[in-house]
Amino acid sequence: MRGLVHLAAALDLPGEFDGGAFAALARLAEGGGLDFVTLDDSFARPGPDALGVLCRVAPATRRIGLVPTVTTTHTEPLWVQAAVATLDWVGRGRAGWRIDVSVTEDEARLFGRRHTAPADALWRKADEVADVAARLWDSWEDGAEIRDEATGRFLDGDRVHRVDFTGTGFSVQGPSTVPRPPQGHPVRVVDATDAHACAVAARHADVALVRAASPAQAAGVRDRLREQARAFGRDPDALRVLVSLLVDLGDGEHAAEPGHGGGGPRPTVHGPLYRGGPVDLAELVASWHTEGVTDGFHFVPVEPRRDLERLVNGTVALLQHRGLFRTFYPGSTLREHLGLARPAGRYAASGAPAVSRRAS
C-alpha cells in the first residue's frame, strides 16, 4: 500500500516586498499541512532575497518546510551552505535549499568577473557545490558545541573538522562558520527538468521536481531518476519525486475546460498547466498517486493569493477526507514531513583531522 501523498506549493509574489505577505501565505499552506513551500529567486529580476524572506517567515510559522532558491553560479559555496544552515537553525529544522544556476549574460554582468558558461559547466559546478555543502554541514560533529560558561569552553576542537575541497574554480578548507544544522543536512531540492540538472538531482537531491503532463510521462521521469540515483550508490527510496504543476483555479466554479481539470494538465511554454476546479485537481492527485507514478506534487499557483486558498480549503481538504494526505504534522522537521532519515555526520567516526587537537 502506498503511503500518503506529499504536497508542496510555491509562494512566489512578483513585485511584493512585504515580508508579512509571504508569511500570511506560508501560514495558509501550513494550515493545510503542506510539506513545504518554495520561494523562487534569480539575479535576472528585481525582488527581495528569497532566503532572507524565508528567514523572516520562519518565526511566523511552526511546522511547514521553507525552501528558497539559491543559485550556485555567482555565490561562494562557503556562504551558500552557511546561509542555508542558518535558515535551518532559525526554522528549527525546517530548511531546504532549491539548487539552481544562473544562465544569462545579464546575471554574469552584475558581478563582472566572468562571462556566463554553458549549461553543462554551470551544473557541474552546482554538483560540486552541493557536495561541498554537505561536507561543510558535517564539519561540525553533533555535540561539538560545549557552551560551558563556568570553564569558558565554547566548543570541542576535536569534533570540528577541515574539509579541504577543491572544485572547478573554487576551493574550500572549512570548517563551516555555522554549527551542524538541526536536520544534519537541510533538504536539497532540484528541478530535474533540464537534462543537465538530472544528474545533480539523482546524486544529491532529497526532492526532485519534474514537469509532466501525463501519468506515463511522470512515471518515465521518476523511473529514470531512481535508476540514476541507484547508479550513484544511493537508495532510490531516499529520493522523493514530485510533479511540478502550474495551477489556475480561477474557474473553479465552472466545468473544467477541455484538456484541463479532469482531462489532465496541458503542456505550455512555462510547463504543464492545470486549469479547472479544486475537486478535479484532487481527483488528478489521487489518481496519479494511486498509480504510483509520483510521490507527490509541487503546485505553482498562477494567482497565489486566490489559488493557494482554493488549493488548501478545496483540494487538500478533499484529499484529507479520503485519507490520502495528513491532517496534522507528526514531526517538527522537514525531513520528518518527507519521511527522510537524518544523515549521520561523515567525519564523526572517520578519524578525519580536526581543526584543533585541544578544546577551545
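A search of the whole structure, which is a predicted model, finds 22 salt bridges. One of them joins Arg180 to Asp138, with the closest N and O atoms 2.9 Å apart. Arg180 is located in the loop between β8 (171-172) and β9 (187-191), whereas Asp138 belongs to helix α5 (residues 119-138), so this pair ties together parts that are 42 residues apart in sequence. Arg180 has a relative accessibility of 4% and therefore counts as buried, the cut-off being under 20%. Asp138, at 2% relative accessibility, likewise counts as buried.

Asp206 occupies the loop between α6 (195-204) and β10 (207-210), and Arg335 is part of helix α10 (residues 334-338), so the contact ties together parts that are 129 residues apart in sequence. Both Asp206 and Arg335 are buried.

The side chains of Asp248 and Arg306 also meet in a salt bridge, at 2.9 Å from N to O. Here strand β11 (residues 240-248) contributes Asp248 and helix α9 (residues 304-321) contributes Arg306, so parts that are 58 residues apart in sequence are tied together. Asp248 is buried, with a relative accessible area of 11%, while Arg306, at 29% relative accessibility, counts as partly exposed. In general, side chains of opposite charge can pair when their charged atoms come close.

With regard to overall architecture, the protein chain contains ten helices and 13 strands. Its C-alpha trace spans about 70 × 45 × 45 Å along the principal axes. For 360 residues, a compact globule would have a radius of gyration near 21 Å, and the value for the protein chain, 21 Å, agrees with this expectation. Of the 360 residues in the protein chain, 54% are buried.

Strand β1 (residues 6-10) illustrates this burial, as five of its five residues are buried. In a regular strand, the side chains alternate between the two faces of the sheet. In β1 both faces are covered: His6, Ala8 and Ala10 are buried on one side, and Leu7 and Ala9 are buried on the other.

Strand β1 is paired with two strands. Four bridges connect β1 to strand β13 (residues 296-301), and these strands run parallel. Within β13, Phe297 is the bridge partner of Leu7. Three bridges connect β1 to strand β2 (residues 36-39), again in a parallel arrangement, and Thr38 of β2 stands opposite Ala10. Together with helix α1 (residues 19-31), β1 and β2 make a right-handed β-α-β unit.

On the surface, Phe43 forms a nonpolar patch with Leu110 and Phe111, and the three residues together have about 260 Å² of accessible area.

Key
Residues are numbered from 1 along each chain as its sequence is written. This is a predicted model: local features need pLDDT of at least 70, side-chain atom pairs count only at pLDDT 80 or more; totals for chains, interfaces and linings use all residues. Side-chain values use heavy atoms; hydrogens and water are left out. Buried means under 20% relative accessible area, exposed over 50%, partly exposed in between (1.4 Å probe, protein chains only). Two strands pair if DSSP finds at least two bridges between them. A crossover is right-handed if, with the strands pointing away from the viewer, the path from the first strand over the helix to the second runs clockwise. Patches are made of residues with over 30% relative accessible area and no salt bridge: like charges are joined within 9 Å, nonpolar side chains (Val, Leu, Ile, Met, Phe, Trp, Tyr) within 5 Å. Accessible areas come from the Shrake-Rupley method with a 1.4 Å probe; for residues, only the protein chains shown count as cover. A salt bridge is a side-chain nitrogen of Lys or Arg within 4 Å of a carboxyl oxygen of Asp or Glu. The radius of gyration is taken over C-alpha atoms; the globule rule is 2.2 Å times the number of residues to the power 0.38.
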